Amino acid sequence: MHNGGMNRPASALSSSIADLRKSYERAELGEDASHADPLRQFDQWLGEAVAAQVPEPNAMTLATVSGDLRPSTRIVLIKGYDERGIVWYTNYDSRKGRELAGNPYAALQFHWVELERVVRIEGVVQKVDAAESDAYFNSRPLDSRIGAWASPQSQVIASRSVLVAGAAKYGAQFLLQPPRPPHWGGFRLVPDRWEFWQGRKSRLHDRLRYRLDGGLWVRERLAP
């Protein structure tokens, strides 16, 4: 009977993974050196990540939970942030869109490896208004706007030719002025918790958490 490889010996790579070590010594994050407002702290760190030219500083992991309590993650790109929250755009009919429709609570995570920093953000998610989604959609390159029509995101397709045929179809239909699809638009996560993680030597990392309490941000240090 086929055992699915369950009894195979671990590979050399698998065995060596447990021995990987890194000493974090680039920076520190103290209460006196951080902002009382987490949005200002995020703005500073994101700006430093962009200035340091880390790969895709705008990439963030989005975690959602389905109705059967099964979590899932994927990478999305931040497209805006202010006191209202963190914004990204996607297909509302995708897996993440469907899961957010059923459970609006989600989490985001930025990992800027070169700076030894992580930012975690939790909160409730809501759709941005149609005018905001329209404005961003119209700023995208033409092939991206056509792609929003052509891709039935998260659905099973027979082959890549389905996407190519869809792009050709909608390209011919809309030419240079494709409208925003009704199933495509923005989400905004409204934070109620932030955490800023700075790697430190000897695994004694700095972790500052911000949580809302009575409309005010409370800053707390967490043990690493």
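## What lines the second largest pocket

Sorted by class, the lining of the second largest pocket holds nine nonpolar, three polar and two charged residues. Here Ala, Val, Leu, Ile, Met, Phe, Trp, Tyr, Cys and Pro count as nonpolar, Asp, Glu, Lys and Arg as charged, and the others, including Gly, as polar. This is a predicted model, in which local features need pLDDT of at least 70 and side-chain atom pairs count only at pLDDT 80 or more, while totals for chains, interfaces and linings use all residues. Residues are numbered from 1 along each chain as its sequence is written, and side-chain values use heavy atoms, with hydrogens and water left out.

The lining has 14 residues, and E56, A59, M60, F110 and H111 lie nearest the centre of the pocket. A pocket is an open set of points on a 1 Å grid over the protein atoms alone, where a 1.4 Å probe fits, with protein on both sides within 12 Å along at least five of seven lines; lining residues have an atom within 4 Å of a point. The space inside is about 150 Å³, counted as what is filled by probe spheres set on the points, which are joined across faces, edges and corners. Strand β5 (105-112) supplies at least two lining residues, as does β1 (59-65), and β5 has the largest share, with four. Strands are DSSP runs of E with at least two residues, helices are runs of H or I with at least four, and both are numbered from the N terminus.

## The largest pocket

The largest pocket has a volume of about 380 Å³. Among its 17 lining residues, Y89, T90, R140, Q153 and W184 are the closest to its centre. Two or more residues each come from β2 (71-77), β4 (85-91) and α5 (142-150); α5 gives the most, with four.

## Where α5 meets α6

Now follow α5 to another neighbour. Its axis and that of helix α6 (residues 160-174) come within 8 Å and cross at roughly 115° (axes are lines fitted to C-alpha atoms, for helices over the stretch in contact, and angles run from 0 to 180 degrees between N-to-C directions). I146, W149 and A150 of α5 make the contact with L163, G166, A167, Y170, G171 and F174 of α6, where contact means heavy atoms within 4.5 Å. By class, seven of these residues are nonpolar, two polar and none charged.
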